[in-house]
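Trainee: I would like to learn how to read a model like this one. Where do we start?

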Amino acid sequence: VPPAAAAAVVESREGALHLDLRGALRSALVAAGVDPARVHAAPWCTRCREDLFFSHRRDGERAGRMLSAIGLEGRA
């Protein structure tokens, strides 16, 4: 396990292990050469903010769906 990934694993008070996804992604971007000042992590929790996000973790099969895509302009 790369050190940056290992550092993103945190233990809860109950002893369960969790992944600090924001921390892991930030570490990966910085390791890839992205200036840390250019990395922004949104503070919202998709599970907790029912007013903003669909969440399969929260709602199970009744959760809404979203789709997005990224492409180069002028290419089919």
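**Reading the model**

Mentor: Take Ala31, which is exposed because its relative accessible area is 68%, and exposed means over 50%. Keep in mind that this is a predicted model.

Trainee: Where does Ala31 lie?

Mentor: Ala31 belongs to helix H2. That helix covers residues 21-31. Between the C-alpha atoms of Ala31 and Leu21 there are 15 Å, for 10 residues along the chain.

Trainee: Let us step back to the whole chain. How many helices and strands are there in the protein chain?

Mentor: The protein chain has three helices and two strands. Their order along the sequence is α-β-β-α-α.

Trainee: What share of the residues in the protein chain is buried?

Mentor: Buried residues are 9% of the 76 in the protein chain. Now turn to contacts. Take those in the chain with a separation of 6 or more: residues 24 or more positions apart supply 0% of them.

Trainee: Show me single residues, then. Is Ser55 buried or exposed?

Mentor: Compare the relative accessibility with the cut-off. Ser55 counts as buried because its relative accessibility is 4%, and buried means under 20%. Ser55 sits in the loop between H2 and H3.

Trainee: Which residues is Ser55 in contact with, leaving aside neighbours within four places in sequence?

Mentor: With those neighbours set aside, Ser55 is in contact with Thr46, Arg47, Gly60 and Ala63. The side chain of Ser55 also reaches the backbone nitrogen of Arg57, at 3.4 Å.

Trainee: And Asp59: why is Asp59 counted as buried?

Mentor: Asp59 is buried because its relative accessible area is 15%, and the cut-off is under 20%. Its place is in helix H3, residues 56-59. The side chain of Asp59 makes a polar contact with the side chain of Arg58, at 3.0 Å.

Trainee: What about Arg49, and which residues does Arg49 touch?

Mentor: Arg49 is in the loop between H2 and H3. Arg49 is partly exposed because its relative accessible area is 29%, and that class runs between 20% and 50%. Not counting residues up to four places away in sequence, Arg49 touches Trp44 and Arg58.

Trainee: Which element gives the largest share of the lining of the largest pocket?

Mentor: Helix H2 gives the largest share of that lining, with five residues.

Trainee: How do the residues of the lining divide into nonpolar, polar and charged?

Mentor: The lining of the largest pocket has eight nonpolar residues, two polar and four charged.

Definitions and conventions:
Residues numbered from 1 in each chain as written. Predicted model: local features only at pLDDT ≥ 70, side-chain atom pairs only at ≥ 80, totals over all residues. Heavy atoms only, no water. Helix = DSSP H or I, 4+ residues; strand = E, 2+ residues; numbered from the N terminus. Buried < 20%, exposed > 50% of the residue type's maximum accessible area, 1.4 Å probe, protein only. Polar contact = N/O pair within 3.5 Å; in protein donor to acceptor, adjacent residues only side chain to side chain. Nonpolar A, V, L, I, M, F, W, Y, C, P; charged D, E, K, R; others polar. Contact = heavy atoms within 4.5 Å.
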